[in-house]
Amino acid sequence: MALASRLLSRSRQLSVVPIVMPHERLAIVRSFAKEAAPPALPKLKGDEMLKNIFYEVKNKFDTALGIFSKEKITIDPDDSAAVSQYAKVMRTVREKADLFSDSQRIKYTIEQRTRDIPDARTYLLALQEIRSKSDLVDEVGAEAMMMEALDKVENEIKKPLLRSDKKNMALLQAEFDKVNKKLGIRKEDLPKYEADLELKIAKAELQEIKKDAVEAMETQLKRAEFKDEKMPDVRSLDIRNFL
């Protein structure tokens with residue numbers, strides 16, 4: 001059960017923090033939450049509300065454990081087939097337990113964090129911070145290019161660009177479209193980008209799970225009763241046996 005708990009805690013699927021670039025266009029770059037904007041709920045007393053939250057979290061956790069007990073996960077981040085299988089399992093967990101995908105979670109975070117930001121520059125800086133805290137890498141230098149686009153627009157209009165300024169925001173959007181074209185980013189390719197992101201995250205999570213499993217086994221082997229035991233290959237471990 002300890003290894004299973006490590007698996008759950010390492011997975012970003014069961015944590016709370018979603019790239020959607022400015023104006024939901026230059027995209028993609030992983031809550032226990034049903035929807036980004038949940039429907040209005042009836043007023044509940046404190047104890048009843050806490051009880052409902054507890055049962056909802058418990059049900060999601062039990063759903064995840066049920067899936068892990070049936071699916072074989074090979075702890076091998078260097079095997080593309082193992083990474084794909086792990087990503088598939090975690091996708092099933094998200095769907096069955098009604099969790100956000102990574103891009104949905106990032107998008108929700110962006111919406112919450114930037115809702116009251118009035119100007120485009122502070123908005124872009126907030127996006128950079130969210131990306132960094134989400135452990136995502138700007139591999140193509142998109143952020144710098146977006147800032148250059150904003151600098152160009154603000155130099156033209158000779159004032160800070162406000163997000164409520166629809167006319168000049170359209171100018172910025174046109175510059176972002178040029179950035180997208182230069183980077184080869186097309187809106188219709190966003191599902192592919194999200195799938196690629198899913199695999200990158202799956203690989204990173206498997207690396208963390210492998211690290212934790214090796215550390216746990218090394219700690220056990222230091223105990224006197226295990227001094228004659230050999231450490232098994234982490235790839236031979238079947239997480240289902242630890243549930």
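**From one loop outwards**

Tutor: Aspartate 135 sits in the loop between α6 and α7. Helices here are DSSP runs (H or I, at least four residues; strands are E, at least two), numbered from the N terminus. The model is predicted, so local features need pLDDT of at least 70 and side-chain atom pairs pLDDT 80 or more, while totals for chains, interfaces and linings use all residues. Numbering starts from 1 along each chain as its sequence is written, and side-chain values use heavy atoms, without hydrogens or water.

Aspartate 135 counts as exposed because its relative accessibility is 57%. The cut-offs are over 50% for exposed, under 20% for buried and partly exposed in between (1.4 Å probe, protein chains only). In sequence, aspartate 135 and isoleucine 201 are 66 residues apart; in space, their C-alpha atoms are 9.6 Å apart.

Isoleucine 201 belongs to α9 and is buried there. Other buried residues of α9 include Leu197, Glu198, Ala202 and Glu205.

Now the interior. A nonpolar core is a set of buried Ala, Val, Leu, Ile, Met, Phe, Trp, Tyr and Cys residues joined through side-chain atoms within 4.5 Å. The largest has 22 residues, and Leu124, Leu150, Leu161 and Leu172 have the most contacts inside it. At least two of its residues come from each of α5, α6, α7, α8 and α9. A second, separate core of 21 residues includes Ile73, Ala97, Ala202 and Ala213.

Take leucine 150. Beyond its neighbours within four places in sequence, leucine 150 is in contact (heavy atoms within 4.5 Å) with Ala120, Arg121, Leu124, Leu161 and Leu172.

Next, the α7–α8 pair. Their axes come within 9 Å and cross at roughly 145°. Axes are lines fitted to C-alpha atoms, for helices over the stretch in contact; angles run from 0 to 180 degrees between N-to-C directions. Among the contact residues are Leu150 and Val153 of α7, with Leu172 and Phe176 of α8. The contact divides into 12 nonpolar, one polar and five charged residues. Nonpolar covers Ala, Val, Leu, Ile, Met, Phe, Trp, Tyr, Cys and Pro; charged covers Asp, Glu, Lys and Arg; the others, Gly among them, are polar.

Last, the whole chain. There are nine helices and zero strands. Buried residues make up 40% of the 243 residues.
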